[in-house]
Amino acid sequence: RNRRIKEDRDLKKIVITIIALVCAGMVLGETTKNPNKAALYSAIFPGGGQLYNHAWWKAGAVVGVQSYLISAAIYNKDKQEDYKTLAENTTDQFQQQIYQSKSKTYRDKFNNDLWWIGITAGLSILDAYVDAHLYNFESEKEKIHLHFSENEIVLQYNF
């Protein structure tokens, strides 16, 4: 029990450190964003890359979806273990089959949750990476001018 409490404290310290690093990166006011850093933040902490890119609503969506999926996975894993224990502790064959069936159902739900956690995490990382590449798009777009005349088209880029 004490070991688990210590692990929980250590995990909280790690999460707080990661959040502090992401916030520090945002406060520094970078004019460009590093796509690799955005992807790394997103891989370490759900929504971290989106926070780094100042995509606040996306960060909220990622945190919300990932939190839901993680809590659903924990719930389904706990229910699977509960029914597995009930199946092991009963002598009634009929009840044992029911408990085993429910345990399998919750195991399947847990595995499904893990897949969705992985898929949404991958999409979040990809989104953070692409958004970091496009962070300056509006200011860069203003440097490009396309001029049309009767005989020519001129593409001008101001450095």
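**H54 and its loop**

I began with H54, which lies in the loop between α3 (48–52) and α4. Helices here are DSSP runs of H or I with at least four residues, strands are E runs of at least two, and both are numbered from the N terminus. The model is predicted: local features need pLDDT of at least 70, side-chain atom pairs count only at pLDDT 80 or more, and totals for chains, interfaces and linings use all residues. Residues are numbered from 1 along each chain as its sequence is written, and side-chain values use heavy atoms, with hydrogens and water left out.

I looked up the backbone of H54. Its phi is positive, about 65°, although H54 is not a glycine. Most residues other than glycine have a negative phi. I then checked accessibility: H54 counts as partly exposed because its relative accessibility is 28%. The cut-offs are under 20% relative accessible area for buried, over 50% for exposed, and partly exposed in between, with a 1.4 Å probe and protein chains only.

**Overall layout**

I listed six helices and two strands in the protein. Along the sequence they read α-α-α-α-α-α-β-β. Of the 159 residues, 26% count as buried. The protein exposes about 11500 Å², and carbon and sulfur atoms supply 61% of that area. Areas come from the Shrake-Rupley method with a 1.4 Å probe; for residues, only the protein chains shown count as cover.

I also looked at contacts, meaning heavy atoms within 4.5 Å. Among those between residues at least 6 apart in sequence, 54% join residues at least 24 apart.

**Aromatic pairs**

I searched the whole structure and found four aromatic pairs. Y75 and Y106 form one that is edge-to-face, at 6.4 Å centre to centre with 80° between the planes. Rings of Phe, Tyr and Trp (its six-membered ring) pair if their centres lie within 6.5 Å; planes under 30 degrees apart are stacked, over 60 edge-to-face, and the rest tilted. This pair links distant parts of the chain: Y75 is in helix α4 (residues 56–89) and Y106 in helix α5 (residues 93–133), 31 residues apart.

Y75 is partly exposed at 45% relative accessibility. Y106 is buried, at 16% relative accessible area. Next I noted Y83 and Y106: their ring centres are 5.8 Å apart and their planes at 10°, so this pair is stacked. Y83 lies in α4 and Y106 in α5, so the pair ties together parts 23 residues apart in sequence. Both Y83 and Y106 are buried. I put Y75, Y83, Y99 and Y106 down as one aromatic cluster.

**Charges over rings**

I looked for charges over rings: NZ of Lys or CZ of Arg within 6 Å of the ring centre and within 35 degrees of the ring normal. K33 lies over the face of Y52, 4.6 Å from the ring centre. The charged end of K77 sits over the ring of F110, 5.1 Å from its centre.

The largest nonpolar core has five residues: A38, Y41, Y52, A128 and A132. Such a core is a set of buried Ala, Val, Leu, Ile, Met, Phe, Trp, Tyr and Cys residues joined through side-chain atoms within 4.5 Å. I noted that α2 (35–44) and α5 each supply at least two residues of this core. Leaving aside neighbours within four places in sequence, A38 contacts G49, Y52, N53, A128 and A132.

Last, I checked Q66, which is in helix α4. Q66 is buried, with a relative accessible area of 6%. Beyond its neighbours within four places in sequence, Q66 is in contact with P46, I117, T120 and A121.
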